[in-house]
Amino acid sequence: MLKYIIVGLLLVTSFLSSASSEVNVYSYRQPFLVKPLFDQFTKQTGIKVNVVFAKKGMAERLAREGKYSPADVLLTTDISRLVELREKDLVQAVNSAVLKEAIPAQYQANDNTWFALTTRVRNIYSAKRLGNIDFNYEDLADDKYRGLVCTRSGKHPYTVGLIASMISEHGEEYTLDWLKKFKQNLARKPQGNDRGQVQAIHQNLCDISLGNSYYFGKMLTDDKQKVWADEVYINFPNQNNRGSHVNISGVAMAKYAPNQANAKKLMEYLISKPAQALYAQTNMEYPVRKGVPVSDIVASWGQFKADDLPLEEIAKNRKAALILLDKAKFDL
Amino acid sequence: MIALYNQRKWTFLSYLIALVMMIPVLIMLVDGIDASTQLFGHLWQTVLPDYLQNTILLGVFVVLLSLIFGVVSAALISQTNLLFKQQLRWLLLLPLAMPAYLVAYLYTDLFDYAGPVQRNLRLWFDWQSPTEYWFFDLRTLSGAAVMLALVLYPYIYMLTRGAFEQQDQSLMRAARLLGLNAKQTFFNVALPLARPAIAVSASLVLMETLADFATVQYFSVNTLTTAIFDTWLGYGDMAAANALASVLMLLVLCVIVVEQRGRAGLRHQSSRPNMHKELIQLSFLQQIAASVFCWLLVILGFLLPFALLISMAVEYSNAEQLANLLETGINSIKVSVIAATVAVFIALILGFYQRLHGNKFSHLPQQISGFGYAIPGTVLAMAMLATFAPLDHWLNDIAEFFAWQQPGLIMSGTIFAMIFAFVVRFSAIANGTIASGIKQIPQSLDYAPATLGMGLIKTVTRVHLPILKPTILIAWLLVFVESMKELSAVLLLRPFNFETLSSQIYQLISDEMLEQGALGAILIVLFGLLPIILLNRKREH
């Protein structure tokens, strides 16, 4: 019996330690978004990219795996996750002149523990039937939109980020009140994803919704969803004051990355011009690298003013935002 | 029962298995002990009461609906002269093959404002906006309850029908002789006699409901599972999440205990189930109502969603998806085959321990190892990480100490943890099936080989196992199918570059793009049909 166990273990280990030139990625981002990038990277460098896609529990898994974790590179879809990983001491600083130079200072950590790859705006979509309106996030709580607003779950990281920025701007008391009134304005219980809200506007269920910028571009290029997107304007809120709330997708290196050199290469690749252009063209995001143009569709929405609140501030207020969401019973 | 054998090794092995299967649960309970009371206080003051209420309401609704669906259809099939009875008899089982999250998605697609049903209604009646008419909203607690009941009622139907069909007909005859008519006999004798089967199956349904996470999440119904997710992923508080999960598990354990207490001493075995049975004759109107009821269940629970899937597949499939399907399909089959084989093997060891080592406690290992069924997949996955990551560390530390090559995360970082989770979760099914199969083997077959001086291993392999073959196959298939459908554990424990059919479909569903995965969904359903067909054939013969 023991013999078999030993043989079995050896077999398993030989599987695990086969390829030498590879890099392991834990990704919060969806496969279809990052797969083309990885394929390009492998083609250029010959380094194989292994991926686990998971939206949930990545930090927990990483923490449990500890120093034996195979993960090299961590990809996330918002700033809070990156900061969470650093707080749990799961990432390491990366000293790379390439990254440092290519990324604007407000989009990378002072201690080099995380780097943004793209930015995305939390937009307000509004039905064309409402006409052109200058929106502020504060307006979502306005009585005149009673029963006209749709949104996804408040607990979704994108919404939590927005609420955290509201806390930074107005304090907790105001934000709680805002959340309660916002909830009263909802046409239906928070549900679905950002695109589903635009569909709901198309269906006359509501007039206003929250959604990330790139979804609009994606819907416009999708045969089935174009009809939904055609019904709405994409609005950049708070243009006359602090600017629109911006979140990032970003990257960090795992603390115990076994393939550090390859990990650094991958990170530097992701900020390279071709990779950033791919982000811009296929994902309709705003590349962080200067000089990489946004896609034509995104360019057609025009310039906008972004809230210059430091990203770490948003991450810091995340927990407070969650508590307020519970207090307002936003999702119930 | 006489204790025929008393092999130390077998006893040791049985308890060892039970212990190993309990470890994740124990770790979860221990981890939950140092939960932050502050966070608990906050949750309790804000959302937890609502979550609890939703959980209880959902459980009650699903069980009630499933009872109505399952018991009524079982009674109609076994007690009346319903038309097309032979066909309906197995058709009513088909919804079992449909994962609940799939049905939920398909029906939302169908009945949504933009779906074909409402679109056509608007066309016919010339309505312009949703304010002009009322239409039910599926994405509610009751909607989720209906969805779950539609695919879970077959558990109740299957076991209750079995109970009705095995009942001793002489009891019914006695009742008739004492002046009851056929209907009174059914309500006063047959139905009460079927109570144990109904209770067992209802508790199964309740456990499945409490463990569900994909359906309620899709319908944005906030339950205890939501709370577990929130505390763990949102607040990043694993201990509190474990504590909540323990509460959920205790709820389920209560159900199990109540159910077992409730039917203690209610064992009813028939010696002559095959005696000619007198059927209740339905009037014309009753015949119509009964037919509509049964056919609606079949259509809504299986035929309609399956047809929707096929039409999606026809419209959207392409070669790329097929290649993709092959890879994920093989992954799914691989892990499910291993999980099913291990679970059945364990069930056999424990089943024979109970049978042949008859003493007061010999049922314990079997019962303990079944607890995992009550643990939601996500919670179980968390427990797996908590169990195997430290073990992996320990192994690697040893390797480091002896300067061997370090094995890496051979347990928590491979499909091992995933398969272990499957086995823990679905052992109850294998145990139950094998145990009932063993019970049907006449006791004399235990004694005869012993008197002839045959050893324990030989008795089991030469006498019992051949008789059990069909049961083993069914147990294997049931675990196989459940593993194919299982989702949460896969999502959390996947190794690199590893997708299964269910994880892929779930991701597509959460992006509202099931069309791309329709083929994979059909494959899951088709595999799910296998044990149903086999179960049916076994009963026929």
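Biologist: What share of the 332 residues in chain A is buried?
Modeller: This is a predicted model. A residue counts as buried if 20 or more other C-beta atoms lie within 10 Å of its own. Of the 332 residues in chain A, the buried share is 52%.

Biologist: How many helices and strands are there in chain A, and what is its radius of gyration?
Modeller: Chain A has 15 helices and ten strands. The globule rule gives 20 Å for 332 residues, and chain A comes close to that, so it is as compact as a globular protein of that length. Its radius of gyration is 21 Å.

Biologist: Among contacts in chain A between residues at least 6 apart in sequence, what percentage joins residues at least 24 apart?
Modeller: Two residues are in contact if their C-beta atoms lie within 7 Å. Take the contacts in chain A between residues at least 6 apart in sequence; those joining residues at least 24 apart make up 79%.

Biologist: Which element gives the most to the side of domain 1 of chain A that touches domain 2 of chain A?
Modeller: Domain 1 of chain A covers 20-119 + 246-299, and domain 2 covers 121-245 + 306-327. Their contact takes 16 residues from domain 1 and 20 residues from domain 2. On the domain 1 side, α4 (79-87), β9 (246-254) and α13 (296-299) of chain A each supply at least two residues. The largest share, four residues, comes from α4(A).

Biologist: How far apart are the centres of domain 1 and domain 2 of chain A?
Modeller: The centres are taken over C-alpha atoms. Between domain 1 of chain A and domain 2 of chain A, the separation is 26 Å.

Biologist: Which element of chain B gives the most to the side that touches chain A?
Modeller: The contact takes 38 residues from chain B and 40 residues from chain A. Elements giving two or more residues on the chain B side are α2 (37-45), α12 (224-234), α17 (377-401) and α21 (488-493). That side divides into 18 nonpolar, 14 polar and six charged residues. With six residues, the element that gives the most is α17(B).

Biologist: Is Ala211(B) buried or exposed?
Modeller: Ala211(B) lies in helix α10 (residues 195-211) of chain B. It has 21 other C-beta atoms within 10 Å. The cut-off is 20 or more. Ala211(B) is therefore buried.

Biologist: What separates the C-alpha atoms of Ala211(B) and Pro376(B)?
Modeller: Leaving aside neighbours within four places in sequence, Ala211(B) is in contact with Pro376(B) and Gly377(B). Ala211(B) and Pro376(B) are 165 residues apart along the chain, yet their C-alpha atoms are separated by 4.1 Å.

Key
Residues are numbered from 1 along each chain as its sequence is written. Chains are lettered from A and ligands numbered from 1 in the order in which they are written. This is a predicted model: local features need pLDDT of at least 70, side-chain atom pairs count only at pLDDT 80 or more; totals for chains, interfaces and linings use all residues. The radius of gyration is taken over C-alpha atoms; the globule rule is 2.2 Å times the number of residues to the power 0.38. A residue is buried if 20 or more other C-beta atoms lie within 10 Å of its own, exposed if 12 or fewer, and partly exposed in between; C-beta atoms are placed from the backbone. Ala, Val, Leu, Ile, Met, Phe, Trp, Tyr, Cys and Pro count as nonpolar, Asp, Glu, Lys and Arg as charged, and the others, Gly among them, as polar. Domain bounds come from an automatic or database domain assignment.
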